[in-house]
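Here are my notes on the model, point by point. Please read them with the coordinates open.

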Amino acid sequence: GREIHLASRPTGWPSEENFRLTEVTVPELQDGQVLVRNLHMSVDPYMRGRMNDVKSYVPPFKLDAPLEGGAIGEVVESRSDAHKPGDKVVHWLGWRDYAVLDGARARVIDTDLAPASAYLGVLGMPGETAYIGLTKVAEFREGDVVFVSGAAGAVGSLVGQIAKVMGAKKVIGSAGSAEKVQRLLDLGFDEAFNYHDGPVKDSLKKAAGADGIDVYFDNVGGEHLEAALSVMNKGGRVAMCGAISQYNDKGAASGPRNLALAIGKEITLRGFIVGSYSRYVDEFNTQMATWLQEGAVSYDETFVDGLENAPQAFIDLMKGANKGKMIVNLG
Ligand code: NDP
């Protein structure tokens, strides 16, 4: 089988030279383990942080070792009582054709509910992030006006739809192209704008109108966060989910320069890591399964074929090449 190793640590934007495709022999199974042939793997923005040699909530990727990340595969051999060949599983050893892992770390998925790839997006970590970030972190309430950035991406597109189905007064999304803006309107967002069209603050003010905004789900940071603080109503809440506008910056991070507005407006800014909220995952699974079956939530996926193209897919993800979840097809 093949795997992708981290060959060197990127500074600023990553390039293909930071990655290496390597041929390896798949190890023998130990008791309790499964051999999985990977079918899909996820590329996610958080992986950029793991490529730096800095202490964070997940340890950095090791040099000259395979990268890791969410993946879906088919069990081809099992020495685990809970798995049989043919089972589809979700697990954390992506970036390789074959994974050997403890059965306890490979969760069998229900492909009658949705195609396997959905477990990397709407029914997986990004879906959990959207639901938990909106309802638990931002403490969304019926009647809120919600603004979400990165709105055409895996997390953002779900945040907006969940807010709508849960009774938001208005949902506003920002994204990086006219085509994505149209997609947001088709998904039921009330207002959407292309953040390249002018200052974010101006576009957001216009979209919010006299309602202002009560909740900001921040995937982007920087200018977007500054604009949201400036348009936010008294008692507003910000779920700080990501700051993708800064992940590939070499210099000091920018803004928000108006953070002091949070005092007078009594704004709550709350950062979160979805992994710390596992107590809500069952609630999420039940809720999202229902919404999918009812057709209340839809989801987009962008597929790239071939393990050898995974590094480029990861780089393209951060440049906005995806609509919805970016997924690499293997095998
Ligand atoms: P997305 O599917 O949203 O893909 C990333 C998107 O970011 C791109 O499609 C691009 O869309 C947008 N983008 C890139 N650069 C910029 C920029 N400078 N300004 C504005 N938008 C930009 O990824 P995910 O849904 O997986 O992740 C979204 C965010 O959520 C990320 O910040 C990620 O780190 C965070 N996250 C946090 C988690 C947590 O536990 N806190 C868990 C999961 C994700 P466009 O064309 O619109 O620019």
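1. **A cis peptide.** P256 sits in the loop between strand 12 and helix 7. The bond that joins G255 to P256 is cis, with omega at about -5 degrees. Most peptide bonds are trans. Helices (H or I, at least four residues) and strands (E, at least two) are DSSP runs, numbered from the N terminus.

2. **Basis of the model.** This is a predicted model, where local features need pLDDT of at least 70, side-chain atom pairs count only at pLDDT 80 or more, and totals for chains, interfaces and linings use all residues. Residues are numbered from 1 along each chain as its sequence is written.

3. **Two positive phi values.** Most residues other than glycine have a negative phi. E139 is not a glycine, yet its phi is positive, about 50 degrees. E139 belongs to the loop between helix 2 and strand 8. E266 also is not a glycine and has a positive phi of about 50 degrees. Its loop runs between helix 7 and strand 13 (268–271).

4. **Exposure of those two sites.** A residue is buried if 20 or more other C-beta atoms lie within 10 Å of its own, exposed if 12 or fewer, and partly exposed in between, with C-beta atoms placed from the backbone. E139 has 13 other C-beta atoms within 10 Å, so it is partly exposed. E266 has 10 other C-beta atoms within 10 Å, so it is exposed.

5. **Domains.** The bounds come from an automatic or database domain assignment. Domain 1 gives 16 residues to the contact, and domain 2 gives 16 residues. Contact here means C-beta atoms, placed from the backbone, within 7 Å. On the side of domain 1 that touches domain 2 there are four nonpolar, eight polar and four charged residues. Ala, Val, Leu, Ile, Met, Phe, Trp, Tyr, Cys and Pro count as nonpolar, Asp, Glu, Lys and Arg as charged, and the others, Gly among them, as polar.

6. **The database record.** UniProt, in an unreviewed entry, places the feature "domain: Enoyl reductase (ER)" at residues 15–328. UniProt positions are given in the numbering used here, feature names are shortened, and annotations may be inferred rather than shown by experiment. Over residues 15–328 the chain is 27% helix and 24% strand. The end C-alpha atoms of that stretch are 17 Å apart.

7. **Around the ligand.** Which residues come nearest to the ligand? Of the 30 around it, they are G153, V155, G176, G242 and G320. Near means a C-beta atom, placed from the backbone, within 6 Å. By class, the shell holds 17 nonpolar, 11 polar and two charged residues. Domain 1 and domain 2 each contribute at least three residues to the shell. Helix 2 (125–137), helix 3 (154–165) and helix 9 (310–318) each supply at least two. Helix 3 has the largest share, three residues.

8. **Helix 6.** In helix 6 (residues 222–231) the buried residues are H224, L225, A227, A228, L229 and V231. Their cover includes strand 8 (145–148), strand 9 (170–175), helix 5 (200–208), strand 11 (213–218), strand 12 (232–240) and helix 7 (261–264).

9. **Strand 15 and its partners.** Strand 15 (residues 325–329) is largely enclosed by the rest of the structure, because four of its five residues are buried. Strand 3 (residues 33–42) pairs with strand 15 in the antiparallel sense over three bridges. There, H40 stands opposite N329. Strand 14 (residues 301–305) runs parallel to strand 15, joined by five bridges. T302 has M326 as its bridge partner. Strands pair if DSSP finds at least two bridges between them.

10. **Strands 4, 5 and 7.** Strand 4 (residues 71–78) and strand 5 (residues 88–91) run antiparallel, with four bridges. I72 is bridged to V90. Strand 5 also runs antiparallel to strand 7 (residues 107–108), with two bridges. On that side V90 has R107 as its partner.

11. **W95.** This residue lies in the loop between strand 5 and strand 6 (98–102). W95 is buried, with 29 other C-beta atoms within 10 Å. Beyond four places in sequence, W95 touches E3, I4, M41, P66, L67, E68, G69 and A310.

Notes: Contact = placed C-beta atoms within 7 Å.
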